[in-house]
Amino acid sequence: MSKDFDSTLADAIELAAHSAQLPGPSAARIRGRQRTMYKRIAVSTASLALVAVGTTTGFVLAGSNGGGSKAPVVPLASQSVSAQPSATGASSGAASTPASRTPSTSGTSAGSTSPSAGLNAAPDPGTYVAGAWLPAGSMPFSPNTGGGAAVAWQVSSNLAGNRVGGNVFEAADATTAETLPLGTSLEQCSLPGFAGGLKGTQFDAFTGPNSGAQLNSTAIAADAGQGIFFFNSPHAASVAWNTISAAYTACATTESGTNPTTGLAMYGFVSRISQASTGPFQAQCWTNLQSATNSAAGQGTVKATCFVEYGSLVGWVGVQVNEATTSGVDFTAAMQSPQQSLENLISVYRQ
Amino acid sequence: MGVDLDQDFDAFYAATHRRIIGQIYAMTGNLHEAEDCVQEAYARAWQRWSTLTTEHGNPEAWIRTVAARLAVSAWRKTVNRLRAHRNQSQDTEVPGMNPDHLAVVAALRRISADQRLAIVLHHYAGLSVEEISAETGANPSAVKARLARGRKALAPHLTEYADSLAAPGPARASRQAETS
């Protein structure tokens, strides 16, 4: 017999509410006054610093190259990326046999020129670089990126992280990075190699529109996004890179089995849809599917993610499809252009 | 005047605090985190209490929105220094939760924060699409999409609740019609 979601949700919320510790309104007032005090201290300190600089050394214009111990990070000025979908005979769907793409140089030259102002500083997960981020129109299944769909992705704001610029957020920690809106496209799996030498993660996200996100009779393009893992060194990035395929394979196994909470059989399935080595870039693209038997809601969710390794960075771009009966959905075609665009943009970081 | 504000705030706190914590718990799956986010939201509300009650009109919605944003914001780690009431115990288990409760809370964690908030506001707090729109700042069509997609995203993880997620119950029929 089907259970009632609203009742169970209400019970859970009310149990939590009943169990909650109540520090009391006085504590809230004290905390509020502390916030005000800290703000005033911060403003006063900044004012004192400006006065000190002004009286001893003369004012230094913001953005000049004369001061500071760190070279300024300069976002690229209007780097254009033309997403040119490649027509290939790629197989489609999560159940296809893995396809590999022979290395070529054409894919990486699409729409990009050498940056007019490169970045001299080491890639910093706390610093926003506008030129490294794909727009909504470059996400999988967009009108210009192939895959036979025309999804008008919308920016998804209020993400779980610290906004660094635009709609890009920095993840709180490695655990958070693995559970992002798309994260690494692994449902409940971890990437053990990613914890070593990972100094930070940036990500953004897009959601599908109210209409026009249908990929076939049941599949809906739900979410898309991009991320960049920042490692301490190219070696650390390479170690992490080598764990991806093993992690996906292991994840398919761990995703399969009996859900201890629901008692239903779950099936995990992964497929590598492409891999390539082109100049300074390594790329690998995967899909993974998690579904339950006799699911009234359909076949579960499918995520397709392309990873790109570039120096000390591992970038990804991906899509999540709900109600994923994937007949006729060409993930390979949909991911090809975003992967190439990602290579173009991530190279804004000089490596 | 100051005493009046204190008493007004105290009464409001007593009437709303537990309710909001429960809702934010559904957002985070962690009771301690929910307690902290909500307490921080009340602290911020206190800083602007007089204007909040006179100009905003719905302090509870304001606090819930702030707490929900804090719950998904990683900058909270810097607020750790300002926690004046943090418990020594890190135990966040909620007594009385059965596997069904845990499954629902865990499933909510698997959908986006926007969808999660819309689901909690609609399915638990009983807010209409327009009310959710006013509280979250998202336009009504975006709220409808979040609710529809949120339910569909939950369904694979809550297969035993598929019918109730897919079809409206008697008490929610009118609200469901808004989002279908």
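Trainee: What pattern does chain B follow, read along the sequence?

Mentor: The pattern is α-α-α-α-α-α-α-α-α-α-α. Keep in mind that this is a predicted model.

Trainee: How many helices and strands does the secondary structure of chain B come to?

Mentor: Chain B has 11 helices and 0 strands.

Trainee: How many disulfides are there over all chains?

Mentor: The count is 1 disulfide over all chains. A:Cys285 and A:Cys306 form it.

Trainee: What makes A:Cys285 and A:Cys306 a disulfide?

Mentor: The sulfur atoms of A:Cys285 and A:Cys306 are 1.9 Å apart. The cut-off is within 2.5 Å, so the pair is called a disulfide. A disulfide is a covalent bond between the sulfur atoms of two cysteines.

Trainee: Why is the disulfide of A:Cys285 and A:Cys306 called right-handed?

Mentor: The torsion about its S-S bond is about 110°, so the disulfide is right-handed. The pair links distant parts of the chain. A:Cys285 lies in strand 9 (residues 281–292) of chain A, and A:Cys306 in strand 10 (residues 301–310) of chain A. The two are 21 residues apart.

Trainee: Is A:Cys285 buried or exposed?

Mentor: A:Cys285 has a relative accessible area of 1%. Buried means under 20%, so A:Cys285 is buried. A:Cys306 is at 0% relative accessibility and counts as buried.

Trainee: And B:Cys37, buried or exposed?

Mentor: B:Cys37 is buried, at a relative accessible area of 1%.

Trainee: What makes A:Lys3 and B:Asp100 a salt bridge?

Mentor: Their side chains meet at 2.8 Å, N to O. The limit is within 4 Å, so the pair is a salt bridge. Side chains of opposite charge can pair when their charged atoms come close.

Trainee: Where do A:Lys3 and B:Asp100 lie?

Mentor: The pair crosses between chains. A:Lys3 is in the segment before helix 1 (5–19) of chain A. B:Asp100 is in helix 6 (residues 99–108) of chain B.

Trainee: Why is A:Lys3 called partly exposed?

Mentor: A:Lys3 has a relative accessible area of 26%. That falls between 20% and 50%, so A:Lys3 is partly exposed. B:Asp100, at 22% relative accessibility, also counts as partly exposed.

Trainee: How do you know that B:Asp10 forms a salt bridge with A:Arg29?

Mentor: The closest N and O atoms of B:Asp10 and A:Arg29 are 2.4 Å apart. That is within 4 Å, so the two form a salt bridge. This pair crosses between chains, from helix 1 (residues 2–28) of chain B to helix 2 (residues 25–56) of chain A. B:Asp10 is partly exposed at 25% relative accessibility, whereas A:Arg29 is buried at 8%.

Trainee: Why are B:Glu40 and B:Arg44 separated by about one helical turn?

Mentor: Because B:Glu40 and B:Arg44 are 4 residues apart in helix 2 (residues 31–47) of chain B. Their side chains meet in a salt bridge at 2.9 Å, N to O. B:Glu40 is buried at 2% relative accessibility, and B:Arg44 is buried with a relative accessible area of 15%.

Trainee: Which residues do salt bridges that share partners join into one network?

Mentor: The network joins A:Lys3, B:Asp100 and B:Glu160. Over all chains, the count comes to 7 salt bridges.

Trainee: What percentage of the residues in chain B are buried?

Mentor: Buried residues make up 57% of its 180 residues. Chain B exposes about 7,500 Å², and carbon and sulfur atoms supply 50% of that area.

Conventions. Residues are numbered from 1 along each chain as its sequence is written. Chains are lettered from A and ligands numbered from 1 in the order in which they are written. This is a predicted model: local features need pLDDT of at least 70, side-chain atom pairs count only at pLDDT 80 or more; totals for chains, interfaces and linings use all residues. Side-chain values use heavy atoms; hydrogens and water are left out. Buried means under 20% relative accessible area, exposed over 50%, partly exposed in between (1.4 Å probe, protein chains only). Accessible areas come from the Shrake-Rupley method with a 1.4 Å probe; for residues, only the protein chains shown count as cover.
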